[in-house]
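Trainee: I would like to learn how to read a structure feature by feature. Can we work through one together?

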Amino acid sequence: MKTILLVDDEARMLDLLGLYLSPHGYRCMKADSGKTALTYFEKEKVDLVILDVMMPEMDGWMTCQKIREFSVVPIIMLTARSETPDVIKGLKFGADDYVTKPFNEEELLARMEALLRRTRVPTEDKHFLVFNGLEWNEESMELKYKSQVISVTPKEFALIGLFINNPQKVYSRDHLLSLIWGLKSQIDDRTIDSHIRNLREKLRSAGFPVDKHLFTVWGIGYKWVNEDPKVPINDKIFI
C-alpha cells in the first residue's frame, strides 16, 4: 500500500482527498501545514506528496523546496493558481506535476499513478541498472554500453544514475546541484550544463542514442525519458 502525504491548511480539502483516495488502496496521511508535513518524513516512508501552494507561514513552494533538500519523493502541487509563472516556479522548486483547483478526481488519480509508475526503480537492485544496452554499476563505478566501457567522471556517473533511476522526472539545475554536489556547494548552475554536455558527448561517442532520452526542459533543467516523446519536449512540461 502506497503512502500519500496530503498537505493543505483547509481541513475540508484534506478530508475530501482522503475520502477519495483511500478506497483506491492508498494510505493517506494529513498535514495542515508545511512544517507538520516535514515532520512526517522523520518517521514515515512517504511515496508521494500532494501539496497545496497557498498556506500561511510556510507556503507550498517553500515546503517543496525543503522536501527537496533530503528527498526525491514525487510531489504534485495542488492550487488555484494556474498562471504559467506559478507552474514554472513550482517545477523549479522540485515539483513533478501541477493540478489546479477545482480539479477532476479521476485526473488527479491518473497523474498520481503515472508519477508512481515513472519513479519506480527499474530493477530490484538499485546498484546495478540496465537500460537499452546501457549498464550502470554503482559497486564497480563503471558505465558500459554494449560491453564497451564509457569513461566518465564521478559526477557524470552520479548524474546518469540519477536520471535512469527516475525517468520522466524534471530536475532543475539547483536541485541537481543539491543532490550531486551537496547543499553547501558554491558551484553555479553552469557547471551542471557543462557536465550534461560532456556526458551527452561521451554517450554519443559510444553509440548510445542519448538524444532520444536525455532532454533539456528550457528554463528549468533536464529530464530523462525511457521512450521517444510523442510531442517535442520543449513544447510540453508534463508527460
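Trainee: Is E57 buried or exposed?

Mentor: Start with the relative accessible area. Exposed means over 50%. E57 has a relative accessible area of 74%, so E57 is exposed. Keep in mind that this is a predicted model.

Trainee: Where does E57 lie?

Mentor: E57 lies in the loop between β3 (48–52) and α3 (60–67). Now look at the backbone. Most residues other than glycine have a negative phi. Phi of E57 is near 65°, a positive value in a residue other than glycine.

Trainee: What is the phi of Q168?

Mentor: Phi of Q168 is positive, about 80°, and Q168 is not a glycine. Q168 sits in the loop between α6 and β10 (170–172). Its burial needs the other cut-off: buried means under 20% relative accessible area. Q168 has 17%, so Q168 is buried. E57, in contrast, is exposed at 74%.

Trainee: Let us step back to the whole chain. How many helices and strands are there in the protein chain?

Mentor: The protein chain has eight helices and twelve strands. Buried residues make up 48% of its 239 residues. Its accessible surface comes to about 12200 Å². Carbon and sulfur atoms account for 50% of that surface.

Trainee: What share of contacts joins residues at least 24 apart?

Mentor: Count contacts between residues at least 6 apart in sequence; 57% of them join residues at least 24 apart. F41 and S71 are 30 residues apart in sequence, yet their C-alpha atoms are 8.9 Å apart in space.

Trainee: Which residues does F41 touch?

Mentor: Leave out residues up to four places away in sequence. F41 then touches L5, V46, V49, I67, F70, S71 and V73. F41 is found in the loop between α2 and β3. Its relative accessibility is 18%, so F41 counts as buried.

Trainee: Helix α2 comes up there. What does the side chain of T39 reach?

Mentor: Check for side chain to backbone pairs. The side chain of T39 reaches the backbone oxygen of T36 at 2.5 Å. T39 is in helix α2 (residues 34–40). At 34% relative accessibility, T39 counts as partly exposed.

Trainee: Which polar partners does the side chain of E156 have?

Mentor: Look for backbone and side-chain partners separately. The side chain of E156 reaches the backbone nitrogen of T153 at 3.0 Å. The side chain of E156 also makes a polar contact with the side chain of K202, at 2.8 Å.

Trainee: Why does E156 count as buried?

Mentor: E156 counts as buried because its relative accessibility is 3%, and the cut-off for buried is under 20%. E156 is found in helix α6 (residues 154–165). Leaving aside neighbours within four places in sequence, E156 is in contact with H195, N198, L199 and K202.

Trainee: Now N226. Where is N226 found?

Mentor: N226 is found in the segment after β12 (221–224). At 27% relative accessibility, N226 counts as partly exposed. Leaving aside neighbours within four places in sequence, N226 is in contact with F131, P167, Q168 and H213. Q168 is the residue with the positive phi of about 80°. N226 and H213 are 13 residues apart in sequence and 6.1 Å apart in space, C-alpha to C-alpha.

Trainee: On to pockets. What volume has the second largest pocket?

Mentor: Read volume, then lining. The second largest pocket has a volume of about 270 Å³. Its lining has 14 residues, of which Q65, K92, S172, D174 and H175 lie nearest the centre. By class, the lining has three nonpolar, five polar and six charged residues.

Trainee: Which element gives the largest share of that lining?

Mentor: Helix α7 (residues 173–181) gives the largest share, four residues.

Trainee: K92 is in that lining. Which residues does K92 touch?

Mentor: Not counting residues up to four places away in sequence, K92 touches S172 and G219. S172 is also among the residues nearest the pocket centre. K92 is found in helix α4 (residues 84–92). With a relative accessible area of 42%, K92 is partly exposed. K92 and V170 are 78 residues apart in sequence but 8.8 Å apart in space, C-alpha to C-alpha.

How values were computed. Residues numbered from 1 in each chain as written. Predicted model: local features only at pLDDT ≥ 70, side-chain atom pairs only at ≥ 80, totals over all residues. Heavy atoms only, no water. Helix = DSSP H or I, 4+ residues; strand = E, 2+ residues; numbered from the N terminus. Buried < 20%, exposed > 50% of the residue type's maximum accessible area, 1.4 Å probe, protein only. Contact = heavy atoms within 4.5 Å. Areas by Shrake-Rupley, 256 points an atom, 1.4 Å probe, with all protein chains shown as cover. Polar contact = N/O pair within 3.5 Å; in protein donor to acceptor, adjacent residues only side chain to side chain. 1 Å grid on protein atoms, 1.4 Å probe; cavity = no way out; pocket = protein on both sides within 12 Å on 5 of 7 lines; lining within 4 Å. Points joined across faces, edges and corners; volume = space filled by probe spheres on them. Nonpolar A, V, L, I, M, F, W, Y, C, P; charged D, E, K, R; others polar.
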